[in-house]
Amino acid sequence: VQAVVFGPGRIGCGLVGLALKAGGYDVTFVGRDPDFVRHLRRVGGYRVVLTGGGSTHAHEVDGVSCLDVRDVEHVAAAVAGADLVATAVGSTRLADVAPLLAAGLARRGRGPLAVLAFENEADPGRRLGGLVAERLPDRSVLGSVSFASALAHRVVSCRVGDVRADLPLTLVGDPPADVDVDGSALAGPPPRMPGLLVADDYPGCVRRKLFVFGAGHAAAAYLGALKGYHFVHAAVRDPEIRREVLAVLHEGCAALGPTDRRAWHPAAVLRRYENAALDDTVSRVGREPLRKLGADERIVGPARAAVTVGVPPRALTLTAAAALVAAIPSRDPSQTRELLWRVCRLSPYRGLGREVWRCWARLADGGGRQAVLLSLSRPTWAARPASPVPLTGHVA
Amino acid sequence: VAGALHAQGAHIVNPFPVSLACRDKVITTALLQAAGLPVPETRVTTSPADVAELLADGPVVCKPARGSQGRGVRVVRDADQLAGLAHAALPGEPWLAQRYQPADGPDRKLYSIGGQVFGVERVWPARTYQEKVGRPFTVDETLSDLMGRCGSAVGGLSLFGVDVVESGGIPYVVDMSSFPGFKGVPDAALRLADHLYWTARNSAPLAPAVPV
């Protein structure tokens, strides 16, 4: 059985490729980086190191091949012959995959095919299906194709190795292998993939992950950056940040309601953040603060839900303010106010929005844009320009 | 060990030659002066008689060239105190005799961890543990800039401390250490570990290390 994986990145290699090989698939990656493609073609494999709970296990992934995304002919042929396609390219690149998928599907028979979209958005499967349909003159070929969203629970924090020097690649991640797949979008039997769970309520799965794990992770990253930490594992060992992250996890659980919250144990989640072997940086976890400040995303989403169930989202409010500082390094009040309206869909003049605004004003006050905080609740400390931890995806 | 590793090209925090220079207050003070930093009028001497000359213009702070943690530091206000000074010094070892600058307030300790600057106010001499821990204060842009200049003056330190006495509104640099205790800096150990790991990760060719 053949599988094609678009995006040989952290999730593509560290979770999807590993699980598909374990499920008995022959895996072909499709990549953009010519050096990476050459390397994987020559070496034919990589290593995944999973570390957590005091133990570490290395998994060799052998016998994989790789195609260059520009080699349309071969990529289309691989898709035409595949039993499963997965994407892990990042939301912004999903549209680039669609023409290749369409080319492959156009020359394919009528056999069933599952396309799993591992992207960071609410329903990437549906979006990808739409993008592919737009590019197909004969849409009847889509009758046997399922475009399903998939949610990875593993953190794959880094890729070690140098493909330019043709040195072996190692992906480092934590053990959870669970993958939630949108059952409502799957037409045929689920793919043979260890850890795959067919979810009846996929939006609920996304919500559960975002509101607790995602929210706590964001809190560790944004509060950690404010206090000048580089690593998530260091930030959550700071007593003050640890307290706030735990509070975020509890507020997120409360926002989920009594049934869903049972899926999470805040102390266990905190232990995952503490995993120093993951080598995870606050800049990686905190990247794209604008997206993460979205109204339904991991910070504002649970904060709004907490308000509706009568739980004051104090720590989530602080996290939102810290994310605003990351999103607007100039700490410009008018830009921040506008962002609150436009991205968070919150009014800076009332309710939750007003609390976030007040909190932002306190964090942003006094230190200048290069400052790091001594304390989350005390005056700002000055710092030399080299010191702040850079977070990408902010407002210039 | 550090010298041997440096000779083999190891990346050391702080750089070995700079750490070596910072162990000698004569060299450090000369580098700070040369960079135009506000250092009190300073004379290097091996003789109490030289210090006696300086006393004509007011009190002098005497300190051994290779001392640390305030050991051997004396404020000499009159010639009678010079005898005790001679007793405390090692024969042939130089001292620094610095013009005493009456402080506007408590002594200020500034610490740099990877470019992040922290400040702690401390009474001198600190006797109790609480006095040694001191009280954090907000570092303004002037002091932050001063720290940056001090780090550059001695050749690029990322971990260091500077003692500042503000006198008449001027922040005089009275001491510098290439690896101070960071006492009073909240979560200093965690911040240091984070900085050291970050530096190591960005120095090694195959960093980060793969867990085994």
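B:N14 lies in the loop between α1 (2–7) and α2 (16–22) of chain B. Helices (H or I, at least four residues) and strands (E, at least two) are DSSP runs, numbered from the N terminus. The structure is a predicted model, in which local features need pLDDT of at least 70 and side-chain atom pairs count only at pLDDT 80 or more, while totals for chains, interfaces and linings use all residues. Residues are numbered from 1 along each chain as its sequence is written, chains are lettered from A and ligands numbered from 1 in the order in which they are written, and side-chain values use heavy atoms, with hydrogens and water left out.

The peptide bond between B:V13 and B:N14 is cis, with omega of about -10°. A:D166 is not a glycine, yet has a positive phi of about 60°. The loop between β9 (156–160) and β10 (170–173) of chain A holds A:D166. A:R331, also not a glycine, has a positive phi of about 55°. This residue sits between α13 (314–327) and α14 (333–342) of chain A, in a loop. Most residues other than glycine have a negative phi, and most peptide bonds are trans.

Burial was assigned by relative accessible area (buried under 20%, exposed over 50%, partly exposed in between; 1.4 Å probe, protein chains only). A:D166 is partly exposed, at 25%. A:R331 is buried, at 12%.

Helix α4 of chain A covers residues 94–106. Its 13 residues should span 18 Å at 1.5 Å a residue, the expected span being 1.5 Å times one less than the number of residues. The end C-alpha atoms are 19 Å apart, which agrees. Buried residues of α4(A) include A:L94, A:V97, A:L101 and A:L105. The buried residues pack against several chain A elements, among them β1 (2–6), α3 (72–80) and α5 (124–134), with contact meaning heavy atoms within 4.5 Å.

Chain B contains an open sheet of four strands in the order β1-β4-β2-β3, with antiparallel pairing. Strands pair if DSSP finds at least two bridges between them. The edge strands, β1 (42–45) and β3 (74–76) of chain B, each pair on one side only. Neighbouring strands are turned by 25° against each other on average, direction ignored. Helix α3 (residues 25–34) of chain B packs on the sheet and touches β1, β2 and β4 (95–99) of chain B. Its direction makes about 40° with that of β4(B). Axes are lines fitted to C-alpha atoms, for helices over the stretch in contact, and angles run from 0 to 180 degrees between N-to-C directions. Three bridges join β2 (residues 60–64) of chain B to β3(B). B:V61 stands opposite B:V75 in β3(B).
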